[in-house]
Amino acid sequence: MATQRGGFSSRLGFILAAAGSAVGLGNIWKFPFEVGQGGGAAFVVMYLIFCFVLCFPVMVAEIAIGRKTQLNPVGAFKALGYKNWAIVGYLGLASGVLILSFYNVVAAWAFGYFVDILFGTFNVGEQAFGTFVADYVKVGGYGVLFMLSTAFIVSRGVSGGIEKAAKILMPTLFIMILALIVYALTLPNAMEGIKFYLIPDFSQITGKVIYSALGQAFFSLSLGMGALITYGSYVSKKDNIVSAAAAITLMDVGVATLAGFMIFPFVFSQGIETDGGAGLIFMTLPGVFESLGSVLGIVVGALFFLLLSFAAFTSTISLLEVPTAYMVDEKKIPRSKATWIVAIFIFIVGIPSLLSAGAVDSLTHFVTLKGAGDKSFMDFVGLIASDTFLPLGGFLIAVFTAYVWKKENFNAEMANGDEEIRGSWLQSYVDFAIGYVCPILLGSIFIVTVLDNFLGIRILDILFG
Ligand code: PHE
């Protein structure tokens, strides 16, 4: 059975693949603009704390559930003997399908920018981003390519596909980001950017900023949908999963932190406002690259969007792997066939998102929510899957681990491959967090998201003024 599913060939392979899942658009696209909106360094400090205090224990729990059962998220809960809890696995599948459906579109933007900049067909200017994303034939083409590449890797299996890709992509990504930082630091005003990024102004911290930092940390570590249950199911019983989770968290946090050292010098070199919102990467940076001159601008710009594409790629791989593993384990469909079925299905689910960036008006202005206002189809799916389902899934996983599966069993799985963890302060902390900190915080994020966005009840303003 185990041989049919495959598995990681080494602990390092697992760490790189899981770090690849974590490091994604969240780190390079979303993190800097959240920092910009959350007042710079104060947001960074909170983000770092949340990654370790809240997210790390959930990651250990997910990996432990996966490794214990050697199954996909749905099968895992069943195998532990709790059929009803398989609903958490199904919620994870739904999250994975929905997230990948729009994530692939943003990945297609990144890849499309890379190609256009490289071949000199990129039009910089006020309208460039709007024109680009509304061109659904072009973006759709890049989207097909991105999904095909993702499916190709996943269809080749865990060690032959996912692990191999991560072992190439992750070090390359790291080198690219370092090269871009070194270059960015030579730009005029770079230091202003670094100051904004590193000197915290704690007066900027509001309930809303704390809420965003929590959500961002959780999304960035790919938690709450069983991606880490799935990857954990391919980990050897002999491996130390606690230190692996620490390494994964560190790499993710490391790349997000590094992304700031690259983006803010770029942005400040042009004297641009930092709270540029989601357009920071796709609207602001191309102008910065253009100002570097034709050759340098192409090199730096293409390198940047290639970096973004690589980061997205290792994440789309993990997103596709979750439903694929479900089809392989539960439906007994051969991996390759399962991969293609799921990939095609998800691409189709993503078509309205593709069309909702200006191409079709009714999708671009899809709903008006009581709290969140006007949302495109894509934003709406993001709100449901990333902002609502993930914290809910994380809450349920924590509650399950602490109160249903129970501490003793969880701790026994943690100690597999790491006898020293027994009775250590780290284990005590993880147990405490899974039982109290994580359910409380994740439950709160979920409630705030629902109240604030869907019902228009500004609970954070009410509580924190
Ligand atoms: N962590 C990824 C990112 O930061 C997104 C992701 C979420 C991937 C959930 C897999 C599962 O971009």
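Contact here means that heavy atoms lie within 4.5 Å of each other. On that basis Arg67, which sits in helix 4 (residues 41-69), is in contact with Gly232, Ser233, Val235, Ser236, Lys237, Lys238, Asp239, Ile241, Glu413 and Asn416, once its neighbours within four places in sequence are left aside. The model is a predicted one, in which local features need pLDDT of at least 70 and side-chain atom pairs count only at pLDDT 80 or more, while totals for chains, interfaces and linings use all residues. Residues are numbered from 1 along each chain as its sequence is written, and side-chain values use heavy atoms, with hydrogens and water left out. Helices are DSSP runs of H or I with at least four residues, numbered from the N terminus, strands being E runs of at least two.

**Single residues**

- Arg67 has a relative accessible area of 0% and is therefore buried, a class that means under 20% relative accessible area, with exposed meaning over 50% and partly exposed in between (1.4 Å probe, protein chains only).
- Asn189 has a positive phi of about 70° although it is not a glycine; this residue is placed in the loop between helix 9 and helix 10 (190-198), and with a relative accessible area of 44% it is partly exposed.
- Ser222 likewise is not a glycine and has a positive phi, of about 60°; Ser222 belongs to the loop between helix 11 and helix 12 (227-232), and its relative accessibility of 13% makes it count as buried.
- Val399 is part of helix 18 and, not counting residues up to four places away in sequence, touches Trp85, Val404 and Pro439; from C-alpha to C-alpha, Val399 and Val253 are 25 Å apart in space, and they are 146 residues apart in sequence.

**Packing of helix 9 and helix 13**

- Helix 9 (residues 158-184) packs with helix 13 (residues 241-269) at an angle of about 35°, their axes being 8 Å apart; axes are lines fitted to C-alpha atoms, for helices over the stretch in contact, and angles run from 0 to 180 degrees between N-to-C directions.
- The crossing of helix 9 and helix 13 is left-handed, a term used if the near helix is turned anticlockwise from the far one by less than a right angle, whereas clockwise is right-handed.
- On the side of helix 9 the contact is made by Leu173, Phe174, Ile177, Leu178, Leu180, Ile181, Tyr183 and Ala184, and on the side of helix 13 by Val255, Leu258, Ala259, Phe261, Met262, Pro265 and Phe266.
- The residues of this contact comprise 15 nonpolar, no polar and no charged, where Ala, Val, Leu, Ile, Met, Phe, Trp, Tyr, Cys and Pro count as nonpolar, Asp, Glu, Lys and Arg as charged, and the others, Gly among them, as polar.

**The largest pocket**

- The largest pocket has a volume of about 1300 Å³, a volume being the space filled by probe spheres set on grid points that are joined across faces, edges and corners.
- A pocket is an open set of points, on a 1 Å grid over the protein atoms alone, with protein on both sides within 12 Å along at least five of seven lines, while a cavity is a set of points where a 1.4 Å probe fits but cannot get out; lining residues have an atom within 4 Å of a point.
- The lining of this pocket has 46 residues, of which Lys30, Phe33, Glu34, Lys375 and Asp387 are the closest to the centre.
- Among the helices that each supply at least two residues of this lining are helix 3 (25-37), helix 6 (86-118), helix 18 (377-415) and helix 19 (425-455).
- By class, the pocket lining has 23 nonpolar, 16 polar and 7 charged residues.

**Cavities**

- The structure holds 2 cavities of 30 Å³ or more, and the largest cavity has a volume of about 160 Å³.
- The largest cavity is lined by 16 residues, with Ser21, Tyr103, Phe219, Ser222 and Leu319 the closest to its centre, and its lining divides into 8 nonpolar, 8 polar and no charged residues.
- The second largest cavity has a volume of about 70 Å³; of its 13 lining residues, Asn104, Val105, Phe347, Gly350 and Leu354 are the closest to the centre.
- Helix 16 gives the most to the lining of the second largest cavity, with 5 residues.
- Asn104 lies in helix 6, is buried with a relative accessible area of 3%, and is in contact with Gly143, Phe146, Met147 and Phe347 when neighbours within four places in sequence are left aside.
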